[in-house]
Amino acid sequence: MKTLGQWAGDVATLGGIAFMKALAFLPLPLIRGLGTALGWALYGLIGARRRVVHANFSVCFPTLSAGARRKLAMQTFVHFSQAWLDRAWLWHAPQAWVRQRVRLTGAVEELAGNQPTVIFLPHFVGLDAAWAATALATPRPSTTIYTDQSNKRVDQWILQGRQRFGHLRLFGRIEGVKPIVAALREGQPLYLLPDMDFGPDESVFVPFYGMSTATVPSLSRFARLGRAKVVPLLPRLSASGYEVQVLPAWTDFPSGDPVADTALMNARLQDYIATMPAQYYWVHKRFKSRPVGDASIY
């Protein structure tokens, strides 16, 4: 039997999902305005996460003044909130609306055909728009690795949203590498998001903004095992929706040295972040895992 707290949690979850479904049909400028207000509120109220963002900026942008960092942090919270509310129309608005608001640009031809392809999709706030843009533009089945959410109703909602368009297959981390590599070799592109701190056990420590940073070498690993090219995908939040840029495939990856490959990945990610620094997922404790003897920055 559920406790009163569990019932309250279910009601809150259902209410939140209902709110997002209703929000989907509002004009985009109004949704973005709500996102701006939500971002300001979160910046002021969620002190622990605000401190994480400022700690990240102290490492990554040491030359910025305190005022400039504060402004960038507020923009980060705003873009994070706007992208979260954008899931309403990405997952529930008419497909024609979504097509008008997400544009796939750049080297789109890299996604055609059946060549094994690993899509490097860093944690920019518009990553859910990236799923939608590629699924709407290319009929090719694809895969990604998914971590279950603790709230099962939320988990189901997210899965349905991300699988709304196209044919996206989600592998759980517990399924291991073999089925993922098999799908990759069959020509199903693998969306990979390896730029978070997954702990030191399966990571290598390589530079990221000059800091020795725990980074999983999975991009190099899957490219090698799948005999696949690596294609970066960069979603950019804009006034009209999202521009999702496909970059040309890397010609020098993998090299056979997974540590060097992972360092190169981080270096190129820095270049991508420089084009839209407030749209990266700075609310994550990217430098949480430290080499033995190094103090925590958080």
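Tutor: Contact here means heavy atoms within 4.5 Å. The model under discussion is predicted.

Student: Which residues does Ser142 touch, leaving aside those up to four places away in sequence?

Tutor: Ser142 belongs to strand β3, residues 142-146. Its relative accessible area is 8%, and because buried means under 20%, Ser142 is buried. Not counting residues up to four places away in sequence, the residues that Ser142 touches are His167, Leu168, Arg169, Gln188, Pro189 and Tyr191.

Student: What covers the buried residues of α3?

Tutor: Helix α3 spans residues 47-60, and its 14 residues reach 20 Å from the first C-alpha to the last, close to the 20 Å expected. Its buried residues are Gly47, Val52, Val53, Ala55, Asn56, Phe57, Val59 and Cys60. In an α-helix there are 3.6 residues a turn, so residues three or four places apart point the same way. The cover over the buried residues of α3 includes α2 (28-45), α4 (66-92) and β7 (211-215).

Student: Is Tyr209 buried or exposed?

Tutor: Tyr209 is found in the loop between β6 (204-208) and β7. Its phi is positive, about 55°, although Tyr209 is not a glycine. Because its relative accessible area is 17% and the limit for burial is under 20%, Tyr209 is buried.

Student: Does Arg227 count as buried or exposed?

Tutor: Arg227 is found in the loop between α9 (218-225) and β8. Its phi is near 50°, a positive value in a residue other than glycine. Relative accessibility is 60% for Arg227, and since exposed means over 50%, Arg227 counts as exposed.

Student: What is the omega of the peptide bond from Phe253 to Pro254?

Tutor: Pro254 lies in the loop between β9 and α10 (258-274). The bond from Phe253 to Pro254 is cis, with omega near -5°.

Student: What is the radius of gyration of the chain?

Tutor: The chain has ten helices and nine strands. For 298 residues the globule rule gives 19 Å, and the chain comes close to that value, so it is as compact as a globular protein of that length. Its C-alpha atoms fill a box of roughly 50 × 45 × 45 Å along the principal axes. The radius of gyration is 19 Å.

Student: What percentage of the chain's residues are buried?

Tutor: The accessible surface of the chain comes to about 14,000 Å², and 59% of that belongs to carbon and sulfur atoms. Among contacts between residues at least 6 apart in sequence, 78% join residues at least 24 apart. Of the 298 residues in the chain, the buried share is 51%.

Definitions and conventions: Residues are numbered from 1 along each chain as its sequence is written. This is a predicted model: local features need pLDDT of at least 70, side-chain atom pairs count only at pLDDT 80 or more; totals for chains, interfaces and linings use all residues. Side-chain values use heavy atoms; hydrogens and water are left out. Helices (H or I, at least four residues) and strands (E, at least two) are DSSP runs, numbered from the N terminus. The expected span of a helix is 1.5 Å times one less than its number of residues. Buried means under 20% relative accessible area, exposed over 50%, partly exposed in between (1.4 Å probe, protein chains only). The radius of gyration is taken over C-alpha atoms; the globule rule is 2.2 Å times the number of residues to the power 0.38. Accessible areas come from the Shrake-Rupley method with a 1.4 Å probe; for residues, only the protein chains shown count as cover.
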